[in-house]
Amino acid sequence: MRGLIFSILMIPIIPFLIVALIIYTWRVRRVIIPQNISGTAAEPYGARLALHIAGTRIDNAAYKIAEHMILYAQPVKSLMLHTAWLALKISGYRGFFFAYPGPRPSNTVTMMSHRSHFFDRSMSEAFSRTENSVEQLVILGSGWDTSCYDLPEGLDLNCFEVDMAPTLNIKKQAIEKAGIPHDHVTFVETDLNQESWMDALLTSGFDLNKTTYILWEGVTMYLTDEAVNSTLAIFSTLPQGSVIGADFFTEDMVKGNPPHETWGKRVHAAIKYYSEKIMFGIPTGGSLSEGCEKLAGKHGLTLTKFENVGDKDDKKKVPWYVFTEMTKK
Ligand SMILES: C[S@@+](CC[C@H](N)C(=O)[O-])C[C@H]1O[C@@H](n2cnc3c(N)ncnc32)[C@H](O)[C@@H]1O
């Protein structure tokens, strides 16, 4: 019933959404891509904004920076977010795209909520640990992630946001303009596909001797095989109890192997739209988590959490996207 009311309320809102989408698309093509700012970073950010306005996963920092971020700057914020908020508020609808933690198995519509839930749980468990507590948080390929600005009360962490300069600079400006406290955050410009990225982190104050949580969400697919492996190799030198949360597309999907021929093409095309490129996919092995266990094991790490989009027992929902947590034991 709530879904029906929401759909009816959305009908008069559609013209506003169309105008918003036209402006949004124009900004992607004319501002974001020419300035080499990551367009793919806007996708998970948009999903988190949707959860926020639905009230299912509160992310105040994400909402506050929206108007200072090119894509959601006015009038898009009002035309897209305020209108949808009104329909959600009146109808009380919280399903589908707006559900958090969302249904399992998740699908292409609910995967972002699933992904957020996986990493939220991973971080919250690591941060609430009393023994060998986490002292540093690093967000690799931070995009519009706001984890550094939503830490549990009383948690004193040194945070590092790592991304390429164009994306990082625009994010930093948005954080400053939104008046979000960020003294605990160091912004580190670097290219994760270059071997020197750890040097950039070290010269920014990162301490290799401190127990660390690394959030590597939505990034491995844009990196080379060497960059993924060297990042895990570097991570494995951190102190015991350090945790890395990372998600991977499957190698079968990235290569378009059966049964992902069509879906693989669509995903490549969607990323290409933003002038970005998918490179890395994880070989999943017989049991879906096998490849992740192997990759973790290769670097002396333990796979401590694993979830996937789709259902490996259903031929129509063959998994192509996995979420992992690896721990230095
Ligand atoms: C899909 S976005 C994910 C952003 C963020 N982690 C999130 O989940 O909202 C991918 C991010 O990785 C960054 N990225 C991609 N390749 C990179 C590289 N070689 N070096 C540094 N950052 C990179 C992009 O700039 C972008 O911010």
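Start with the whole chain: the centres of domain 1 and domain 2, taken over C-alpha atoms, are 24 Å apart. Colour residues 2–97 as domain 1 and 111–327 as domain 2; these bounds come from an automatic or database domain assignment. Before zooming in, know that this is a predicted model, where local features need pLDDT of at least 70, side-chain atom pairs count only at pLDDT 80 or more, and totals for chains, interfaces and linings use all residues. Residues are numbered from 1 along each chain as its sequence is written, and side-chain values use heavy atoms, with hydrogens and water left out.

**Where the domains meet**

Now select the contacts between the two domains: 28 residues of domain 1 touch 26 residues of domain 2, with contact meaning heavy atoms within 4.5 Å.

**The ligand**

Where does the ligand lie? Both domain 1 and domain 2 give residues to the shell around the ligand, so it lies between them. Select that shell and you get 21 residues, the closest being R48, G141, D163, D191 and E217; a residue belongs here if one of its heavy atoms lies within 4 Å of the ligand.

Next, pick out some polar contacts (pairs of N or O atoms within 3.5 Å). At D163, a polar side-chain atom sits 2.6 Å from a ligand oxygen. Move to G143, where a polar backbone atom is 3.3 Å from an oxygen atom of the ligand. Then click L192: one of its polar backbone atoms is 2.8 Å from a ligand nitrogen. Of the 590 Å² of accessible area that the ligand has on its own, the protein covers 96%, going by the Shrake-Rupley method with a 1.4 Å probe.

**A pair of cysteines**

Last stop: select C148 and C159. How far is the sulfur of C148 from the closest cysteine sulfur? It is 3.9 Å from the one in C159, too far for a bond, because a disulfide needs two cysteine sulfur atoms within 2.5 Å. The structure holds zero disulfides. C148 counts as buried at 1% relative accessibility, and C159 is buried too, at 0%; buried means under 20% relative accessible area, with a 1.4 Å probe and protein chains only.

Conventions: Polar contact = N/O pair within 3.5 Å; in protein donor to acceptor, adjacent residues only side chain to side chain. Buried < 20%, exposed > 50% of the residue type's maximum accessible area, 1.4 Å probe, protein only.
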